[in-house]
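Look over the two chains before reading on.

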Amino acid sequence: MAAPDIEKPRYKYIGADRKRVEDPRLLVGRGGFIADLKMQGLLHAAILRSPAPHARIVSIDTSEALQIPGVVAVLTGEDVKAHMNPCMNFGPPTIAQYPIAVDKVRYVGEAVAAVVAESRYTAEDGVEALVAEFEDLPVVTDPRKALEPESALLHDDHGSNLGYERTFEFGDISRALSDADLVVEDTLHWGRSAGMPMETSGATARPGLNGVLEIHCNSLNFSYLQFLVANALKIPSNKLTMQPVPAGGSFGSKFTAHKVPTLAGFLALRTGRPVSYVEDRLDHLMNSDHHGSDRYYEAKMGVTADGMITGLDIDVVDDYGAYLQFGVGTHGNAFSQAVGPYTFRDLKYRLRAALTNKCQQGAYRGFGSEVHNWVLERMVDKAAAELGLEPEEIRRRNFIQQDQFPYKIPGGNIYDSGNYPAVLDKALGMIDLEYWRTEQQRLREQEGRYIGIGLATTQERSVFSSTEFWFWFDEPAFPITSSPESATITIDPTGQFQLQLHCQSMWGNSPETVSTTVVAEEFGVEPESVNVSYADTAHALPGTGPGGSRYTVMVAGAVRGAGRKLKKKLIDIAAHTLEVAAEDLELVDARVQVKGAPEKSLGLPELAASAYFFALNLPPSMESGLEESYTYDHPYTTLPSPDRTDLGVFYPIVGHACHIAVLEVDPDTGQTAFHDYVAVHDAGTVVNPKSLDGHVTGGAAQGLGSTLYEELAYDADGQFTSSTFMDYLVPTANEVPPFRIGHVETPSPYTEYGIKGGGEGGRLVTPSVVSAAIDDALREYGMRVRELPVKPADIVEAVQGAMARS
Amino acid sequence: MTTSEHSTDLDTRYGSDTRTVTLRVNGRGVTREVATRTTLADFLRDDLDLVSVHLGCEHGVCGCCTVLLDGGSVRSCLMLAVQAGGQEVETVESLSPDQDRLHPIQQAFAEEQGLQCGFCTPAMALRAREILADGKEWTDEEVRQEISGILCRCTGYQNIINAVQNAGRKLRGGPGAARDETKGS
Ligand code: FES
Ligand code: FES
């Protein structure tokens with residue numbers, strides 16, 4: 001059955017499969033990446049990283065290193081202590097972090113010293129020549145043991161390894177579970193993976209004119225948070241300009257990645273010369289600002305005999321590693337869609353954030369919502385299996401219905417709109433499940449082969465607002481409510497368009513394609529003709545930056561807002577020139593014309609010439625020039641209630657997806673192979689279908705990595721065992737199946753053009769669907785995926801364990 | 001007590017050993033004095049400003065540093081510049097360095113959106129040139145296999161496969177075809 005067509009307005013440019021305007025420069029190898037930036041007198045830094053998971057730094061002998069010709073300086077924690085404040089930190093102030101470890105190291109790979117030299121080769125020679133002595137301390141690796149009173153302490157000032165604890169209850173969970181006919185329980189572990197872009201983080205800093213420090217970096221969000229970097233460097237914020245540089249991928253890993261630019265800035269200040277620091281892959285694997293979530297769950301779900309979910313009880317310990325830089329925001333993302341697409345009203349969520357001797361956590365595509373979705377869908381599948389319901393059936397019975405939107409979920413967030421049955425039906429229409437279920441039987445019986453069918457859904461929350469930074473606390477220090485985005489459109493004196501975006505937002509998404517598409521839609525010029533630039537922080541208007549699938553929605557709002565102001569000015573100039581009323585004019589295909597008499601019109605070059613050069617022809621009191629800016633505030637934010645029984649609206653633009661996978665599993669080797677994979681997404685109005693498909697595919701590939709291949713592993717002694725790409729397995733083309741993609745479009749009522757975010761959805765659902773397919777393939781062995789990644793050896797072990805028991 | 005590892009060999013000459021290397025890069029003869037320890041990747045990026053050669057791992061796994069050496073793909077992070085002496089190196093600029101006049105392979109990547117961040121893209125485009133060089137038609141599965149030595153974190157590979165197939169059609173002729181005129185230059 002096909003999904004019903006949902007009506008939306010017709011646009012000329014939005015929704016068309018257009019080529020990306022970013023691509024020509026990338027295709028000739030001129031992406032302007034951070035490592036490509038050269039400047040006169042540039043020095044290079046390399047870092048000595050801790051070989052010990054937890055140790056006091058006894059001494060660092062720099063004498064040999066400083067003798068090497070070309071080594072300019074060696075800086076250690078002592079220098080940092082003397083000249084810096086701690087790095088920006090949204091966790092407790094008692095958990096301070098510096099870009100170079102001060103007094104002790106808390107994980108393998110933490111920076112111990114920086115060598116600055118005339119070339120990167122020489123800087124690495126300098127690192128080799130350093131002699132550092134450490135006094136080992138007891139190591140904390142298991143996050144649950146970390147919380148026991150006898151555990152060694154990571155941060156003496158904090159007094160325990162518990163970074164944060166709180167239990168939120170929405171509704172009445174004990175009633176919900178006691179009213180249930182069946183309560184399913186499970187212990188689940190989501191292991192550590194990371195965004196792992198092909199380009200690492202990097203920054204080049206230089207002392208500029210008037211004592212201004214310039215930092216060029218490929219991290220994001222510094223229009224919003226630049227003042228925090230300045231604070232760490234102990235300089236006034238107007239003496240720091242952060243210059244945005246396009247990123248070669250991020251997926252969360254460059255989201256507010258502050259330590260690399262802060263360190264480069266510090267090295268430039270101390271040496272008085274330009275300094276570049278670009279992580280190598282080993283740096284990035286063991287010390288990137290952001291490893292992803294690493295969570296241990298005890299979960300309970302209640303269901304009635306006919307499959308209606310009554311409630312969900314979550315007890316989660318999250319292994320945040322050694323620092324808590326963003327607080328527990330990754331769980332706010334879980335709250336934003338805690339009940340998934342389902343109608344149940346009772347939810348309990350106990351969170352403990354544990355500190356261990358591992359790299360700190362941060363952002364990875366999904367920002368923690370993908371983990372919660374995996375747990376939710378694992379529990380739904382378990383309930384379905386025990387009730388004898390097909391996975392599509394239990395989900396369909398529990399879906400929030402179309403007439404219930406906007407829908408307020410337990411906890412307070414809003415789902416703006418959706419049509420979940422339509423997405424499910426579209427996915428079911430793209431694959432013949434009946435055929436595959438018969439084939440599954442046949443292959444099992446006739447050929448001894450095991451295929452499994454997985455089906456899972458996800459919500460795709462998008463467009464976060466800043467209240468989620470602080471609703472955790474009863475008395476937050478800085479209860480911020482702004483998370484805007486800005487754009488400036490200029491029509492130059494010859495009628496050509498310049499568009500300025502006010503944050504770094506090129507990281508493999510297509511901010512320039514999206515924003516020029518909006519300019520095209522509003523003005524009738526071709527997107528490729530619009531030139532796009534990014535403002536540095538000295539010039540930037542308010543801009544929060546990309547993340548949480550917010551940028552497409554937010555920049556479309558900003559560009560359209562600026563476009564409206566600029567159109568009004570063009571029409572006012574034309575009205576004055578043509579001596580007609582402004583109401584009688586319209587802008588069509590880059591001309592302002594009289595409604596019903598299009599031959600009476602003025603083109604943009606004529607209007608621009610008036611605006612710049614003929615002030616006496618302008619309406620009285622109009623300013624010269626054609627430039628307008630607009631700051632688009634978050635479209636829908638509300639305050640949390642004082643008692644936090646309602647967290648308010650903080651992530652209201654919510655898409656949906658359903659994936660179905662047919663996977664063969666070899667029980668003898670644990671190898672997996674896809675026979676088919678269908679992915680249907682509803683991200684509201686689609687701006688560029690091919691780009692969205694690309695993001696769904698790329699996200700799904702990453703989800704597959706987190707499910708089957710990728711693991712940032714530490715051994716029991718705290719040694720990091722994934723320090724190369726030979727150990728950390730990014731899926732190659734051989735591992736990623738062709739995904740067949742479909743779309744449903746339910747426009748958002750709250751955003752310009754009805755766009756919803758779509759950047760993360762692929763990764764939000766693959767782990768659930770692949771886990772389900774593995775279980776289904778090996779059902780006769782009682783297979784149940786409880787821990788990710790699930791590696792071939794885990795599958796073989798589960799099968800052999802089952803055979804030994806039978 | 002843990003002590004950081006370090007080399008005690010103070011006689012290491014810290015890159016002072018140099019050689020003269022002569023090679024062809026994108027059709028032009030190049031002669032340079034280089035430190036013997038300089039990798040081919042760093043030589044191309046730092047000495048010749050060919051920053052299209054991207055470094056994703058510097059240990060031979062990601063393939064982002066792929067260049068063509070006498071027409072065959074190699075990982076330029078795993079080779080020394082001096083080892084390339086007497087040979088022909090091609091970077092993506094050998095397709096086209098001009099954004100307004102893209103080579104058919106680059107056009108195909110744009111049409112199919114076979115890239116997102118663009119970091120693996122020069123390597124993928126060069127690999128495409130290599131496998132399409134003899135005009136053979138590949139199945140999608142074969143293309144998947146042929147590009148599997150280069151990691152792409154953005155695309156999930158499907159649009160890259162589509163781009164290689166599209167480029168193959170363009171280069172072989174037929175509707176919308178164009179010849180790879182730069183080949184063998
Ligand atoms: S940089 Fe050469 S293979 Fe990764
Ligand atoms: S396009 Fe980003 S790594 Fe391939």
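This is a predicted model: local features need pLDDT of at least 70, side-chain atom pairs count only at pLDDT 80 or more; totals for chains, interfaces and linings use all residues.

Residues are numbered from 1 along each chain as its sequence is written, chains are lettered from A and ligands numbered from 1 in the order in which they are written, and side-chain values use heavy atoms, with hydrogens and water left out.

Q: What area do chain B and chain A bury between them?
A: Buried area is the accessible area (1.4 Å probe) that two parts lose on being put together, summed over both. Carbon and sulfur atoms hold 57% of it, and the total is about 5,400 Å².

Q: Which residue of chain B forms a salt bridge with A:Lys690?
A: A salt bridge is a side-chain nitrogen of Lys or Arg within 4 Å of a carboxyl oxygen of Asp or Glu. The count between chain B and chain A is 6. For A:Lys690 the closest N and O atoms are 3.8 Å apart, and the partner is B:Glu112.

Q: What is the volume of the largest pocket?
A: On a 1 Å grid over the protein atoms alone, a pocket is an open set with protein on both sides within 12 Å along at least five of seven lines, whereas a cavity is a set of points where a 1.4 Å probe fits but cannot get out; lining residues have an atom within 4 Å of a point. Grid points are joined across faces, edges and corners, and a volume is the space filled by probe spheres set on the points. For the largest pocket this volume is about 1,100 Å³.

Q: Which element supplies the largest share of the lining of the largest pocket?
A: The lining has 42 residues, and those closest to the centre include A:His44, A:Arg120 and B:Asp42. The largest share, 6 residues, comes from α1(B).

Q: Which helix gives the most to the lining of the second largest cavity?
A: This cavity has a volume of about 120 Å³. Its lining has 14 residues, with A:Arg49 and A:Lys259 among those nearest the centre. The helix that gives the most, with 3 residues, is α8 (residues 259-271) of chain A.

Q: How many residues apart in sequence are the parts that A:Lys259 and A:Asp289 tie together?
A: The two form a salt bridge, with the closest N and O atoms 3.4 Å apart. A:Lys259 lies in helix α8 of chain A and A:Asp289 in the loop between α9 (281-287) and β13 (295-303), so the pair ties together parts separated in sequence by 30 residues.

Q: Where does A:Pro406 lie?
A: A cis peptide bond joins A:Phe405 and A:Pro406, with omega about -5°. A:Pro406 lies in the loop between α12 (391-398) and β16 (407-408) of chain A.

Technical notes: Helices (H or I, at least four residues) and strands (E, at least two) are DSSP runs, numbered from the N terminus.
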